[in-house]
Amino acid sequence: KKGTTTSKVKTKKKKGGALPPALDLAIQNAAGALHHLSFLESTIRIMVDSNCIHALVGLLESRNVETFKHATGVLYNIALDPDNYTELCVSKAPPYLTRPLHARCLIRRIDDRDQPEWGPQMDYDLSSLGSQFA
């Protein structure tokens, strides 16, 4: 028809459809198990060496909030070791996981790579946290 204008609005489509409930729950539970295991430094090393970071970054696009939280937790625990920054960046992890953390947050300080994980040589100044830690 002449004189008629139509407005075309492009909407951003979400990737993929919703997963079947059983599969969604299985992925959520697997991500939860990895999250719990990621508190062990030896397990983190296995995850990094097995190139799991890319799959974990993919889980950040999940529509399931619990899966997202677990994947974020695993990637955060991986980011606690500065040796893993390169792998996180290559896997296109979000910036909040790839920015270097403050030295007090790291599993191992950058300048203590050859020393034991914990010990008297790691004397942190905790006075800023309050009198109970001074």
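Helices here are DSSP runs of H or I with at least four residues, numbered from the N terminus.

**Ground rules.** I am working on a predicted model, where local features need pLDDT of at least 70 and side-chain atom pairs count only at pLDDT 80 or more, while totals for chains, interfaces and linings use all residues. Residues are numbered from 1 along each chain as its sequence is written, and side-chain values use heavy atoms, with hydrogens and water left out.

**Salt bridges.** I searched the whole structure and got two, taking a salt bridge as a side-chain nitrogen of Lys or Arg within 4 Å of a carboxyl oxygen of Asp or Glu.

I looked at R45 and D49 in helix 2 (residues 41–49) and found about one helical turn between them, because they sit four residues apart. Their side chains meet at 3.5 Å, N to O. For exposure I use relative accessible area: buried is under 20%, exposed over 50%, partly exposed in between (1.4 Å probe, protein chains only). R45 comes out partly exposed at 31%, and D49 is exposed at 54%.

The other pair is K69 and E66, at 3.0 Å, N to O. Both are in helix 4, three residues apart, again about one turn. I have K69 at 46%, so partly exposed, and E66 at 31%, also partly exposed.

**Helix 1 against helix 4.** Two packed helices are described by the angle between their axes and the distance between the axes. I fitted the axes as lines to C-alpha atoms over the stretch in contact, with angles from 0 to 180 degrees between N-to-C directions. Helix 1 and helix 4 (residues 65–79) come within 8 Å and cross at roughly 25°. That makes the two roughly parallel (under 35 degrees; over 145 is roughly antiparallel, 65 to 115 roughly perpendicular, the rest oblique). I noted the crossing as left-handed, meaning that the near helix is turned anticlockwise from the far one by less than a right angle.

**Nonpolar patch.** L34, L37 and L40 make a nonpolar surface patch of about 230 Å². Patch members have over 30% relative accessible area and no salt bridge, with nonpolar side chains (Val, Leu, Ile, Met, Phe, Trp, Tyr) joined within 5 Å and like charges within 9 Å. L34 belongs to helix 1 (residues 21–37) and is partly exposed at 31%.

**Positive phi.** Most residues other than glycine have a negative phi. I found N51 with a positive phi of about 60°, in the loop between helix 2 and helix 3 (53–59), exposed at 64%. K92 also has a positive phi, near 60°; K92 lies between helix 5 (85–90) and helix 6 (95–98) and is exposed at 71%.

Methods:
Accessible areas come from the Shrake-Rupley method with a 1.4 Å probe; for residues, only the protein chains shown count as cover.
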